[in-house]
Amino acid sequence: MLKRTHYCEEPRETDIGRTVAVSGWVANWRDHGGVVFIDLRDRTGIVQVVFNPEENPEMHTRASKLRSESCISVSGEVSQRPEGMENPDLPTGMVEIVAGELEVHNVSEPPPFDVDNPGDVSLEARLSYRFIDLRRPEISKIFQARHRIFQVFRRFFDENGFLEVETPYLTKSTPEGARDFLVPSRLSPGSFYALPQSPQLFKQTLMVGGIDRYFQIVKCFRDEDVRASRQPEFTQLDLEMSFVDEDDIMEMTERAMAAVFEQVLDREISLPLPTMTFADAFERFGTDAPDLRFGMELKDISAVVADCEFRVFKNAVDEGGCVRGICVPGGAKMTRGEIDGLVEWVKQFNLPGLAWFKLEENGPSGGVAKFFSDAEIGAIRQKFDARTGSLFLFAAARRQKTHLPLAQLRCHAAAKMGMIPEDEFELCWVVDAPAFERVEESGHLTFPHHPFTTPYPEDVGLLEEEPTRARTKSYDLVLNGVELGGGSVRISDPELQMKIFSILGYNQEEVEERFGFLMRALRHGAPPHAGIALGLDRVVGKLLGIEDIRETIAFPKTQRGMCMLTKAPTRVDDQQLKDLGIALRESE
RNA sequence: GGGGCCGUAGCUCAACUUGGUUAGAGCGUCGGACUGUCGAUCCGAAGGUUGAGGGUUCGAGUCCCUUCGGCCUCGCCA
């Protein structure tokens with residue numbers, strides 16, 4: 001076999017006269033009746049190979065039969081291209097390889113789409129032929145960057161004394177959180193393993209075991225609906241430290257992120273990162289993952305409009321709700337149609353409508369402007385510090401109901417107005433999430449983080465009476481409006497842990513059955529510990545400016561959880577089911 | 001579980017408002033021409049169960065129902 005001496009993008013003018021061997025795929029071929037040109041591609045780039053009929057007729061004949069995406073190796077002399085035949089668009093465009101030897105490894109069937117000019121090929125087609133899609137330079141670059149990011153993290157945590165310890169994938173189902181993927185056990189018919197939603201309890205156990213500093217790049221599994229930013233299996237950078245508090249984890253995480261930015265993007269980020277509380281984030285941005293690349297913060301004007309003429313506003317306030325909104329600088333330029341479009345758009349977030357008016361040269365106009373007195377307009381204007389030419393958009397509803405639509409509207413409007421600087425990275429911490437949240441419809445308690453998160457000592461007293469007001473030592477890392485990950489100081493006191501469980505409605509027996517191993521560990525010399533987990537698929541995506549994390553995963557699943565390449569999941573043999581003691585029911 | 005968009009040649013799309021003859025184009029593929037191109041060019045050809053099934057109609061790519069699949073979204077995602 002012809003052994004490669006160079007990657008395709010390596011031969012340059014300094015190599016002229018040298019004999020090289022390259023291997024790769026035929027990106028393009030041009031047959032001029034005599035001379036045949038082949039653009040050969042590998043993961044680095046493209047180089048042109050020339051086949052001359054006079055030099056070697058037999059090889060020329062074989063070369064003229066090559067077609068796109070066939071796999072070959074070629075050796076030959078690197079030579080300067082003839083005058084005027086250089087291609088400045090290619091890094092190797094000053095030279096070409098004059099073929100001396102050709103080895104055809106595999107003749108490709110016509111590819112289902114054009115690799116180098118894929119146009120708008122659907123993700124569906126690309127994932128079905130991912131082996132071809134991955135040959136595309138821009139796709140290959142994603143995985144090269146992903147690899148570098150992983151290596152920087154690994155080196156960073158190694159250098160900081162962390163041990164990479166693996167935790168099981170076949171583990172125990174826990175009733176909290178997301179739906180588990182289940183794996184039936186053959187040796188214990190009727191029993192199931194669950195794939196881990198995260199290694200949370202194992203890493204806490206490692207701390208009790210004295211590992212002290214742990215990290216792992218690990219797959220996690222959650223059987224919930226897929227989104228552009230969510231996959232049923234995804235990769236986390238998971239870490240945990242003993243004898244530390246929240247500051248230590250945040251500092252360590254920031255430094256790791258800074259190392260990645262520096263070594264992968266060659267960008268500095270200034271540390272320490274800004275911090276805002278969970279409560280402030282919702283107040284100012286309507287979300288716990290604010291995009292700080294632009295302003296346009298939410299303001300509450302309930303007090304201003306409590307007695308205004310506009311019934312919708314007044315009623316909302318009277319009924320214990322609120323009126324909140326945003327001010328879009330320059331938004332007065334929008335047409336009635338565009339504004340109606342925004343109002344329509346926001347309805348998908350379960351808001352019945354938006355009230356709006358413009359602030360123009362000769363005063364307020366349009367929409368609900370006529371309902372407000374000069375004093376009210378002045379107060380609103382002052383609240384937003386608004387300039388002439390602004391557009392105001394307001395939601396009136398229960399406070400909970402205004403968060404999502406306004407947060408979405410803020411980003412949507414900013415994007416529409418071109419206010420988002422695409423090239424900036426704004427990282428921040430969102431801290432002090434409440435221990436519990438109440439689900440509006442059912443009234444039952446849930447939690448923004450997980451039930452192993454420690455409350456502030458001064459808030460422990462609130463747990464029983466006002467659980468949603470008790471803050472926790474938690475921290476989420478947010479980048480440009482996306483949560484990259486989150487963590488917390490863990491509960492290391494078994495009594496406090498039991499108290500949290502009982503607030504969630506578990507009795508002693510249930511806790512013992514579900515979390516017995518954790519409780520036992522906590523009773524045997526548990527050190528204070530804290531940690532964090534980052535979603536690496538998102539980290540890779542954000543760093544590369546990719547919104548859809550499927551692009552950062554080699555073989556992602558579709559929205560229905562199918563692998564386009566293998567068509568998994570599939571039915572299995574009756575014998576396999578029999579071994580597992582499983583009988584399928586007719587689907588109703 | 002709810003709402004929305006979509007499915008026509010290998011790929012990307014067209015065939016309209018209002019159902020009407022033989023479903024078109026570009027790229028790709030195949031054949032031919034051409035000794036310096038580089039998204040080569042020129043000439044020619046092949047290529048379709050309009051995702052699948054059913055219905056309405058004299059007639060369905062087009063309308064209706066069911067179903068499969070892709071995408072967005074609410075819920076969900078401790």
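Begin by selecting Pro272, which is found in the loop between helix H6 (246-265) and strand E11; helices (H or I, at least four residues) and strands (E, at least two) are DSSP runs, numbered from the N terminus. The peptide bond from Leu271 to Pro272 is cis, with omega near 0°. This is a predicted model, in which local features need pLDDT of at least 70 and side-chain atom pairs count only at pLDDT 80 or more, while totals for chains, interfaces and linings use all residues. Residues are numbered from 1 along each chain as its sequence is written.

Next, select the sheet. Eight strands form an open, mixed sheet in the order E6-E9-E10-E22-E21-E20-E17-E11, where two strands pair if DSSP finds at least two bridges between them. Strands E6 (163-164) and E11 (275-277) stand at the edges with a single partner strand each, so one side of each is left without a neighbour in the sheet. E6 pairs with E9 (residues 213-221) in the parallel sense over two bridges, and Leu163 stands opposite Tyr214 in E9.

Proceed to Asp212, in the loop between helix H5 (200-208) and E9. Its phi is near 75°, a positive value in a residue other than glycine. Asp212 is partly exposed, with a relative accessible area of 30%; buried means under 20%, exposed over 50%, and partly exposed in between (1.4 Å probe, protein chains only).

Finally, select the loop between H16 and H17, which holds Lys567. Lys567 has a positive phi of about 70° and is partly exposed, at 41% relative accessible area. In the loop between H16 and helix H17 (574-580) lies Pro569, joined to Ala568 by a cis peptide bond with omega about 0°.

Conventions:
Chains are lettered from A and ligands numbered from 1 in the order in which they are written. Side-chain values use heavy atoms; hydrogens and water are left out.
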